[in-house]
Amino acid sequence: MSKKLIAAAIAFASMHSALSQADTSDQSMFSFRGFGTVGVVHSSEKGADYVGTVFQPNGAGRTHEWDMNVDSKLGAQVTATFSDKFSAVIQAVSQHQYDNSYRPLIEWANVKYQATSELSIRAGRIVLPSFLISDSRLVGYANPWIRPPEEVYFIASITNNDGADITYRSQIGDATNSLQAFYGSNTTHAPTSTVKSKPSWGLNDSVELGSLTLRAGYISSKLDLNVRELEPLLSGLDQFGDAAVAFGFQSAGNQAHAMADKYSLSDIQVHIYTLGANYDPGNWFVMAEVAKFDAEGFLADSKAGYVTGGYRFGKFTPYVTIAKVKSDSTTEDGISTAGLPGAFADGATSLNAGINAVLPNFPKSQKSASIGVRWDFMRSADLKVQYDRLSLEDDTTGRLTNAETGFDGGKVNVISAAIDFVF
């Protein structure tokens with residue numbers, strides 16, 4: 001990890017140097033900011049990996065006893081202000097990727113037009129506004145925990161969107177209301193698949209009143225999943241359906257074709273609903289979010305939520321979090337074998353078993369209790385230590401990945417430490 005992250009740091013330092021050496025007449029136009037986290041994680045579970053995002057191929061536990069890839073990252077952001085109406089921003093982030101690299105990826109790259117004091121429009125690559133802390137999701141220093149509660153934040157793991165958004169801010173008494181609508185698409189690589197969101201859209205509304213922030217959001221999207229391991233199974237359903245119809249077994253053929261359509265990896269409709277609240281009067285804070293994920297095919301419907309609170313004692317902030325995600329677990333009745341001759345009955349049984357073997361891999365139910373402390377030991381830097389106690393349902397991997405054959409849930413202890421910084 002260290003060599004890969006150092007290489008990314010050199011690239012970001014070169015960006016900073018280039019800006020610093022720019023003509024002084026342009027200095028007021030450009031601003032440079034950066035952030036990073038150096039962390040280490042230990043998991044007591046040796047049969048699966050604890051990871052920081054669903055896009056990481058491995059993590060702490062099965063692959064590494066102590067892992068620095070889970071939370072470590074480095075980011076840089078350049079903002080250009082052309083006028084009081086036009087500005088642009090580009091943000092690159094280097095973190096552990098699906099291909100085991102730290103290759104920097106462009107997280108934001110958009111142009112903003114401030115039409116009026118209330119109305120703004122952006123176009124390009126924009127942060128996907130899924131949660132309370134979507135804008136600062138990757139900036140550890142801006143958040144109370146080492147990482148956002150994965151029970152909720154893994155539900156919408158994609159962090160950016162290529163498209164456009166429009167935001168209207170208004171005053172309602174002492175409250176500031178921000179209504180945002182967005183439209184766009186995204187292609188993301190995971191260790192064993194590629195996820196492509198076709199043009200999706202969403203709305204979110206937030207209200208700020210003194211120390212209180214309230215937020216509600218909705219996202220509608222259609223996904224194409226490229227999962228090579230599932231292609232033989234799905235093509236087998238269509239082939240069986242064609243053969244069954246050709247030999248006069250119309251009912252079984254129709255059932256096979258219906259299953260192929262139901263579990264198709266194309267045009268999977270997804271709906272995500274979120275609600276959040278944060279109250280932070282200064283000395284203490286409490287925040288909570290709930291999310292509902294509705295989807296078709298293999299993707300399991302889920303409900304999730306967390307509540308977290310902390311108290312600030314000078315430079316120290318202890319905090320606690322309770323979180324849970326519950327995913328629907330389903331089985332498929334499949335193709336009826338009644339009246340089918342031997343070869344067709346065997347084929348139907350095999351396909352039914354194949355579908356039912358895949359389905360348990362998608363529900364990700366778990367709950368967790370976490371306790372940690374943040375120490376702001378110097379300006380623009382903090383040290384956090386966190387303990388998570390995970391409870392996974394039987395026969396599910398929860399939010400763990402890279403599980404070995406026969407993994408069946410249980411209790412997991414995770415210990416993490418991280419230094420966050422901004423510059």
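**Exercises on a predicted chain**

Of the 423 residues of the chain, 47% count as buried, where buried means under 20% relative accessible area with a 1.4 Å probe and protein chains only. The model is predicted, so that local features need pLDDT of at least 70, side-chain atom pairs count only at pLDDT 80 or more, and totals for chains, interfaces and linings use all residues. Residues are numbered from 1 along each chain as its sequence is written, and side-chain values use heavy atoms, with hydrogens and water left out.

**Exercise 1.** Determine whether the radius of gyration agrees with that of a compact globule.

*Solution.* Step 1: the radius is taken over C-alpha atoms, and the globule rule is 2.2 Å times the number of residues to the power 0.38. Step 2: for 423 residues the rule gives a value near 22 Å; the chain has 24 Å, which agrees. Step 3: the C-alpha trace spans about 80 × 50 × 45 Å along its principal axes.

**Exercise 2.** Describe the largest nonpolar core.

*Solution.* Step 1: such a core is a set of buried Ala, Val, Leu, Ile, Met, Phe, Trp, Tyr and Cys residues joined through side-chain atoms within 4.5 Å. Step 2: the largest has 55 residues, and Phe240, Phe298 and Ile335 have the most contacts inside it. Step 3: helix 5 (residues 342-358) supplies the largest share of this core, six residues; helices are DSSP runs (H or I) of at least four residues, numbered from the N terminus. Step 4: a second, separate core has eleven residues, including Val41 and Leu390.

**Exercise 3.** Identify residues that Ile335 touches.

*Solution.* Step 1: contact means heavy atoms within 4.5 Å. Step 2: residues up to four places away in sequence are not counted. Step 3: among the residues touched by Ile335 are Leu237, Phe240, Met259 and Leu351.

Key. Buried means under 20% relative accessible area, exposed over 50%, partly exposed in between (1.4 Å probe, protein chains only). Helices (H or I, at least four residues) and strands (E, at least two) are DSSP runs, numbered from the N terminus.
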